[in-house]
Amino acid sequence: MELAPGSRNRIVKLWRSLHLGWRAYLAMVIVLSSALAVGKLVRADDDQWEDREPFAIGLWGDLPYNDVQALVGVPNMIADMNSQDLAFTVHDGDLKAGKGISGSVTPTTCSNDLYQYALDHYFSQLKAPAAFTPGDNDWTDCDAPENGPFNSLDRLDHERQFFFSTPYTVGGRRKLRQEVQTDPICLGVSGLVPCVENRRWTYNGVTFATLNIQGSCNNLCKDSPDPVEWAYRRDAVIAWLRETFQEAKDGNSAAIMLISQADPGFNNHPIESEPVRNPNTLALAPGVTDGFQEILLALRDEVIAFRKPVAYVHGDTHYFRIDKPFLNAQGVRLENFTRLETYGDNAPNGTSDVNWVKVFVNPNSRDVFSFQTQVVPGNRVAVPPPSQP
């Protein structure tokens with residue numbers, strides 16, 4: 001039997017607090033029975049019962065993009081994550097390449113099979129609770145002819161129903177309970193609906209949240225831009241962002257980690273494919289489509305006011321990096337803000353970077369988050385792993 005996190009600590013504390021004898025034995029039986037009743041269900045709000053003990057999580061995204069990744073690379077990566085002690089994992093969006101691949105064995109268009117395959121072959125295969133936030137390839141790009149085509153808003157509605165119909169994580173052999181943005185302030189095919197894909201949970205004194213922020217201008221460009229949908233979702237994201245920081249303050253969280261798909265661009269100088277922003281206004285150059293400015297302005301205000309560590313995790317541009325790119329209005333770097341971009345499909349690398357990032361989270365440390373790359377041995381090609389002794 002595997003006890004939910006916190007159950008073991010509660011048992012030990014209960015044992016110490018009671019006199020030895022039949023009363024202690026009876027109390028132990030009751031607590032153990034409760035643990036058996038919940039099985040492998042984990043509640044993030046059990047945090048109130050736990051010490052702020054260190055833990056580790058796994059982050060990945062922008063995968064898989066082809067059959068080799070889907071059939072070999074991702075299963076290797078999942079096995080690697082399952083071999084380690086993780087509190088939970090998060091996929092930061094894009095379950096497929098931007099366009100469907102003709103002749104593919106695995107689903108690469110936006111048909112219902114895509115989401116079912118991801119649930120059955122990826123998320124459900126993970127031991128730890130598996131969270132997910134949608135990516136642009138999952139829905140905003142679905143109106144491209146090579147992807148079906150499908151109505152992009154219909155695909156987001158489908159994801160909301162398929163992945164986010166309960167307040168629990170989408171996969172994993174254990175489940176994690178999450179807070180859900182239930183206000184009907186996002187746009188669906190038939191009108192306003194709850195933004196149920198926006199999630200939040202606190203684990204051992206650290207607050208985590210997912211935000212539906214999309215690559216490629218956040219649905220303001222490409223094949224069929226939708227400024228009406230964008231405006232509703234932008235406002236919902238900003239509301240969820242501000243609520244997350246307020247809840248973290250009220251609960252005295254040690255830090256916050258935000259996870260989304262989009263690389264919104266933080267810099268006043270070019271980095272990889274990121275756009276260049278004015279550090280004062282966070283605006284892009286005139287004439288450049290920008291779906292992120294208002295979100296970044298709200299994020300900057302909250303990061304400065306929070307003062308504690310904030311990590312922003314995203315995918316989108318397929319370039320693994322950890323840096324501190326966010327500036328205040330005077331162009332000075334925000335020391336308490338760290339950006340992590342997860343590995344993603346990177347064709348020039350040969351292995352296509354089917355790897356993940358392990359984050360060690362210590363709520364009692366100064367910086368809270370520390371990061372360790374996990375290059376999956378079975379997915380190394382350019383430099384094979386060393387021989388085992």
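Two strands count as paired if DSSP finds at least two bridges between them; strands (E, at least two residues) and helices (H or I, at least four) are DSSP runs, numbered from the N terminus. The model is predicted, so local features need pLDDT of at least 70 and side-chain atom pairs count only at pLDDT 80 or more, while totals for chains, interfaces and linings use all residues. Residues are numbered from 1 along each chain as its sequence is written, and side-chain values use heavy atoms, with hydrogens and water left out.

Begin with the open sheet of seven strands, whose order is 6-9-10-11-12-14-13 with mixed pairing. Select strand 6 (179–180) and strand 13 (321–323): each has a single partner strand and stands at an edge, so one side of each lacks a neighbour in the sheet.

Proceed to helix 8 (residues 293–306), which lies across strand 11 (256–259), strand 12 (310–314) and strand 14 (337–341). Its angle to strand 12 is about 145°, on a scale from 0 to 180 degrees between N-to-C directions, with axes fitted to C-alpha atoms, for helices over the stretch in contact (heavy atoms within 4.5 Å).

Now select helix 7 (residues 227–250). Its buried residues (under 20% relative accessible area, 1.4 Å probe, protein chains only) include Trp-230, Arg-233, Trp-240 and Phe-245. After helix 7 comes Asn-252, with a positive phi near 55°.

Finish at Leu-176 in strand 5 (residues 175–177), which is buried at a relative accessible area of 1%.

Technical notes:
Buried means under 20% relative accessible area, exposed over 50%, partly exposed in between (1.4 Å probe, protein chains only).
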